[in-house]
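Biologist: Thanks for sitting down with me. Could you put the structure up, so that we can go through it together?

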Amino acid sequence: MPARIDVSLAASITVVVGSSGSGKSAWLKRQIKTARRLIVWDPDDEYGGAGFHRVTTIAQLAEALRGASAGRFAFVPASPAQFDAWSLCAFAWGNCVAVAEETADVTTPGKAPPGWGTLVRRGRKRGITLYAVTQRPSESDKTVIGNATCLHVCMLARAADRQYMARELDVQQSEIDRIAPLEWIEKRRGVPGISRGKLKF
C-alpha cells in the first residue's frame, strides 16, 4: 500500500450553501486562510490575488502541482468540462485543502462525475479536506451531500433549496427560512442538533 494512503484519517467534507450576498464566501475564505496546500476550482476568478498561483489550463495545473510541497493554486477553467480533470489533480496531489466553487454548474443531482466522485469518496485516505460550495444545493450532486461531515447553511433565496436543506439537516423549514445575511446554521455528522452563528467583521 502506498505510504500516501492512510485509512485511519477522518473524513473532512464541508458543504457550504448560500445565495449570493449571504456571507458564505467570506466565511469560507476565513476557514482556508492559513492552508499551505490549497487547490481551488475558481470559475469566477475570485481567488487569484496575493498569495495564489493562478493557472488556466489543466497542463499548467498538473505541472505546478508536480513535486510542490506547498502552494495555493487557483484554477480558472475555460470550460465546466475541466472539472473532472481538476478533481483528479486535487486527488493526486493529496494532503491538501480542495475547494470546489459553484458545484451546481458542474454536477447534477444524480451521480457525481467520475473524478469528483473519486475525490469525495476516497479523498479522506489521502488527507484531503474538501469544501464544496454552491448557491443551489437542490441542483448539486447528492454524493457530496451524502458524504458531508458538515453542512454549513447560509441564507438561501430559493424555496426549493430551503426545503432541500431543511430535509438534509432534519430541521423545520422555518429554521432555514429565517436565516438572515451573514447568519448561518450548521450540522456536523455525529453531533446532535444544529449550531448557529453570525459572521462578524
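Modeller: Happy to. One cut-off first: buried means under 20% relative accessible area, exposed means over 50%, and partly exposed lies in between. Please also keep in mind that this is a predicted model.

Biologist: Let's start with backbone angles. Is Asn 95 buried, exposed or partly exposed?

Modeller: Asn 95 sits in the loop between helix H3 (83-93) and strand S5 (97-100). Its phi is positive, about 45 degrees, although Asn 95 is not a glycine. Its relative accessibility is 45%, and the in-between class runs from 20% to 50%, so Asn 95 is partly exposed.

Biologist: While we are at H6, what do its buried residues pack against?

Modeller: The buried residues in H6 are Asp 161, Arg 162, Tyr 164, Met 165, Ala 166 and Leu 169. Their packing partners are S1, H5, S7, H7 and strand S8 (183-188).

Biologist: Which residues does Leu 156 contact, leaving aside neighbours within four places in sequence?

Modeller: Leu 156 is found in the loop between strand S7 (150-153) and H6. It is buried, because its relative accessibility is 4% and the limit is 20%. Its contacts are Val 17, Gly 18, Ser 19, Gln 135, Pro 137, Asp 161, Arg 162, Met 165 and Ile 176.

Biologist: How far apart in space are Ser 22 and Cys 154, C-alpha to C-alpha?

Modeller: Ser 22 is in the loop between strand S1 (13-17) and helix H1 (24-31), and it is buried at a relative accessible area of 1%. It touches Cys 154, Met 155, Pro 181 and Leu 182, not counting residues up to four places away in sequence. Ser 22 and Cys 154 are 132 residues apart in sequence, and their C-alpha separation is 5.9 Å.

Biologist: Now for charges. Which residues gather in a patch of positive charge on the surface?

Modeller: Arg 121 is a handy way in, as it belongs to helix H4 (residues 114-122). At 45% relative accessibility, Arg 121 is partly exposed. It is also touched by Thr 143, a buried residue with a relative accessible area of 15%. The patch is made up of Lys 111, Arg 121, Arg 122 and Lys 125.

Biologist: What is the N to O distance in the salt bridge of Arg 54 and Asp 45?

Modeller: Arg 54 is partly exposed at 41% relative accessibility. Asp 45 is partly exposed too, with a relative accessible area of 35%. Their side chains meet in a salt bridge with an N to O distance of 3.0 Å.

Methods: Residues numbered from 1 in each chain as written. Predicted model: local features only at pLDDT ≥ 70, side-chain atom pairs only at ≥ 80, totals over all residues. Heavy atoms only, no water. Buried < 20%, exposed > 50% of the residue type's maximum accessible area, 1.4 Å probe, protein only. Contact = heavy atoms within 4.5 Å. Helix = DSSP H or I, 4+ residues; strand = E, 2+ residues; numbered from the N terminus. Patch = residues over 30% accessible without salt bridge, like charges linked within 9 Å, V, L, I, M, F, W, Y side chains within 5 Å. Areas by Shrake-Rupley, 256 points an atom, 1.4 Å probe, with all protein chains shown as cover. Salt bridge = Lys/Arg side-chain N within 4 Å of Asp/Glu carboxyl O. Lys, Arg positive; Asp, Glu negative; His and termini not counted. Charge placed at Lys NZ, Arg CZ, Asp CG, Glu CD.
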